[in-house]
Amino acid sequence: MSNKSSYDKLFTPMNIGNVQIKNRIVMAPMCMGFGQYNGCATEKMMNYYEERAKGGVGLIFTEITRINDVTGASSFGQLGMSHDYQIPALQEMARRIHRHGCKIMVELHHPGRQNLGLMIGTVPLCVAGDKIMGNLYTKILTGAVIPPGKKLQDKHIVPRVAAPSKCEQSKMSNSVSKPLSTKGVKKIIAQFIEGAVRVKKAGCDGVELHASHGYLIQQFLSPNTNKRTDEYGGSLENRMRFLCEIIDGIRKNCGSDFPIVVRLTVDEMYDRIGQPNKGYGITEGLKMAKILSDKGIDAIDVSSGAYDTFNYWLEPTTFECGWRKNLAQEVKKVVDIPVIAANLIRSPQQAEKQLDDGVQDFIALGRPLIADPHWVQKVQNGDENKIKRCVCCLYCFESMMENAYKYSHGHCSVNPFVGRERDKFEKNGSGRRVVVVGAGAAGLTVAELLARRGFCVTVLEKESSVGGQLNLADKPPHKDKLSWVCTDLLENVMSLGVDVVFNTKADKNIIDSYNPEIVINATGGNAIHPKAFSAENVVTVTEVLDGSVNIENKKVAVIGSGMTGLETSELLVSKGNKVTVVEMADTIAPGAWFQHVDDAMPVLKKAGVKFMTGEKLISTDGKVITENVKSKEKTVLDVDYTVLSLGVKPDVSLYDEIKESKDYKVYNIGDSAEIGRIANATESAYQLAVSL
């Protein structure tokens with residue numbers, strides 16, 4: 001527990017231009033896909049942002065907001081300020097945010113070369129189709145148009161995306177670009193200015209220009225993507241002209257009392273991926289920051305990276321909190337305007353310290369406010385121990401990208417209420433007794449939700465601590481944030497009066513002794529270990545991760561290159577082992593989100609890990625033998641241990657024992673029902689909790 005006085009700086013008001021922000025916490029812009037084809041704010045989007053405003057944040061930066069429908073629309077569910085008809089909905093959203101004492105600024109954006117060719121010219125067609133056909137058009141688009149369209153995208157049989165000049169394809173979007181003409185450049189400048197005018201008409205408090213993460217404005221700033229020979233390319237002054245003319249136009253049309261914030265990448269971070277002479281680094285980034293400050297913008301929002309260096313602006317779980325705070329600190333030395341920065345902040349203590357140390361003036365929370373919309377309120381009320389912390393699992397971004405093709409939105413692993421902020425949650429448990437077996441993510445989530453509904457809940461856990469499968473996931477190097485999921489859930493269920501009983505392996509007799517009306521099985525899963533591979537030196541990843549088998553300075557084959565296999569390999573090489581990873585598919589980590597793979601592979605390659613793809617494990621009897629899937633050629637591996645990473649199967653032993661009980665209703669959730677990720681566990685818990 002804490003109190004507000006512990007965080008005096010965090011709750012001290014400060015101005016951005018002439019707009020006073022009630023505290024130092026701002027919500028960073030993040031596209032989650034709550035919009036619609038026409039760019040108007042939807043009820044779901046308004047609910048999402050208003051919940052964060054109710055939660056105490058001082059300023060909300062909206063998600064990326066398009067100013068151009070033809071080349072600048074990067075999502076079907078994106079906010080837009082490209083037309084006057086979009087103003088009334090934004091005006092309503094601003095009104096709803098303002099009533100909680102929170103300010104709102106709109107982030108204006110154009111993706112440039114990082115757009116998908118599939119999106120060029122698509123949104124105007126979608127708007128027209130939606131007007132004529134309504135929901136039927138959405139079904140046709142998501143079911144019959146987009147799937148073949150994605151195949152055409154992969155073959156580049158789609159329109160070219162806009163860019164300052166001809167340049168390499170951007171990672172992830174992988175689209176072929178077409179240089180903008182000088183006339184085209186000036187047209188987009190005018191569209192940014194027109195977008196800002198609409199934002200002001202909607203009653204919002206300012207704009208943020210997205211000159212970061214490799215989008216169009218930053219593409220003009222970078223010598224890697226701007227090779228123009230006219231007045232918009234070449235020298236730093238010329239490369240900044242595009243952004244500066246946008247700023248000048250907004251000042252002229254919106255007045256000096258309308259705040260302009262620039263979200264600026266001050267280091268493209270190419271050196272972090274082994275390309276040190278590419279793009280620009282902190283030295284030139286600081287020059288850009290000073291030019292913008294001298295020009296009279298109202299604040300600078302410091303960031304880093306681009307799609308090519310994705311993990312250096314949207315970090316996986318291995319990154320240390322505050323790892324890039326030096327960027328903001330250096331910017332503060334050269335500017336005389338407020339500095340905003342995210343800096344992977346995950347605790348109020350870290351936030352207060354970085355304010356105290358002069359690292360920055362405002363704390364930008366992005367993913368933490370997806371995970372817990374009431375982060376600020378909990379700190380202010382002395383309930384910081386109840387914050388559901390973001391564990392940097394990246395599911396919000398991954399699910400947003402995946403669902404964008406389905407005209408749906410992103411989700412959060414630890415917050416199943418994302419996109420459901422106004423859904424009814426009936427408090428009609430009436431003290432009915434529930435026993436939950438298993439204190440992993442699924443078990444604790446359902447326990448919390450049912451306790452909030454008024455049920456009397458007891459959780460039985462066979463181990464001495466919470467965590468379930470996450471007690472394994474957090475064991476590889478730098479994965480400790482994953483333990484926060486269940487640690488935070490435990491704090492919340494305990495505060496609600498849930499009785500959590502440890503060191504108790506539940507069976508029918510123990511469950512019966514509680515005389516429950518409802519029993520929920522959340523016993524997780526067990527690593528798959530085929531009987532065919534049962535030699536003494538063959539173990540599963542579970543045995544390595546839980547410490548029951550300690551392997552040091554040995555030769556080890558890891559069978560299976562999913563993320564569990566790769567992360568177990570990281571733990572093994574940290575103990576001096578020589579590791580060979582064997583994968584039956586043609587690629588390493590098939591189906592894994594690319595950021596996790598990009599995070600793990602450099603570490604493993606540096607440690608000398610060997611990778612064998614297209615190889616099937618045949619035998620572990622005496623020698624480890626693999627067979628090439630295509631050629632059928634066999635390979636004998638000289639190893640001391642074989643570690644199986646072949647997946648997990650549900651543990652249904654208890655469920656099978658009690659499921660036919662006539663004394664209580666029995667439900668099965670989480671991995672014990674279907675193997676999945678954290679998000680699948682919490683979602684299954686949510687679905688059950690609201691249905692009872």
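The structure is a predicted model. Along the principal axes, the C-alpha atoms fill a box of roughly 75 × 65 × 55 Å. The chain contains 23 helices and 28 strands. Of its 692 residues, 59% count as buried. Among the contacts in the chain with a separation of 6 or more, 72% are made by residues 24 or more positions apart.

Helix H5 spans residues 182–201 and helix H8 spans residues 241–254; their axes come within 9 Å and cross at roughly 40°. The crossing of H5 past H8 is right-handed. On the side of H5, the contact is made by Val185, Lys186, Ile188, Ile189, Phe192, Ile193, Ala196, Val197 and Lys200. On the side of H8, Phe242, Glu245, Ile246, Gly249, Ile250, Asn253 and Cys254 take part. Sorted by class, the contact of H5 with H8 has 11 nonpolar residues, two polar residues and three charged residues.

Aromatic pairs were examined next. A pair of aromatic rings is described by the distance of the centres and the angle of the planes. Across the whole structure, 19 aromatic pairs are found. In one of these, the ring centres of Phe34 and Tyr48 are 4.7 Å apart and the planes stand at 45°, so the pair is classed as tilted. Phe34 lies in the loop between strand E3 (25–27) and helix H1 (43–54), whereas Tyr48 lies in helix H1, so the pair ties together parts that are 14 residues apart in sequence. Phe34 is buried, with a relative accessible area of 3%. Tyr48 likewise counts as buried, because its relative accessibility is 1% and the cut-off for a buried residue is under 20%.

The rings of Phe192 and Phe242 have their centres 6.3 Å apart and their planes at 85°, so this pair is edge-to-face. Phe192 belongs to helix H5 and Phe242 to helix H8, so the pair ties together parts that are 50 residues apart in sequence. Phe192 and Phe242 are both buried. Elsewhere, ring pairs link Tyr215, Tyr307, Phe310, Trp313, Phe397, Trp593 and Phe594 into a cluster.

Backbone angles were considered for two loop residues. His213 has a positive phi of about 55°, although His213 is not a glycine. The residue is placed in the loop between strand E9 (207–211) and helix H6 (216–221). With a relative accessibility of 2%, His213 counts as buried. Cys392 has a positive phi of about 60° and is not a glycine either. Its position is in the loop between helix H13 (375–380) and helix H14 (395–404). Cys392 counts as buried, at 0% relative accessibility.

Val376 is placed in helix H13. At 1% relative accessibility, this valine counts as buried. Val376 and Ile387 are separated by 11 residues in sequence, and their C-alpha atoms are 9.1 Å apart in space. When neighbours within four places in sequence are left aside, the contacts of Val376 are with Phe11, Asn23, Ile25, Gly55, Gly56 and Val57.

Ser569 is located in helix H20, which covers residues 563–574. Its relative accessibility is 0%, so Ser569 counts as buried. Ser569 and Val558 are 11 residues apart in sequence, with 7.1 Å from C-alpha to C-alpha. Val558 is also in contact with Ser569, as are Val579, Val581 and Leu604, once neighbours within four places in sequence are left aside.

Conventions: Residues numbered from 1 in each chain as written. Predicted model: local features only at pLDDT ≥ 70, side-chain atom pairs only at ≥ 80, totals over all residues. Heavy atoms only, no water. Axes fitted to C-alpha atoms, helices over the stretch in contact; angles between N-to-C directions. Helix = DSSP H or I, 4+ residues; strand = E, 2+ residues; numbered from the N terminus. Left-handed = near helix turned anticlockwise from the far one by under 90°. Contact = heavy atoms within 4.5 Å. Nonpolar A, V, L, I, M, F, W, Y, C, P; charged D, E, K, R; others polar. Buried < 20%, exposed > 50% of the residue type's maximum accessible area, 1.4 Å probe, protein only. Phe/Tyr/Trp six-rings, centres within 6.5 Å; stacked < 30°, edge-to-face > 60°.
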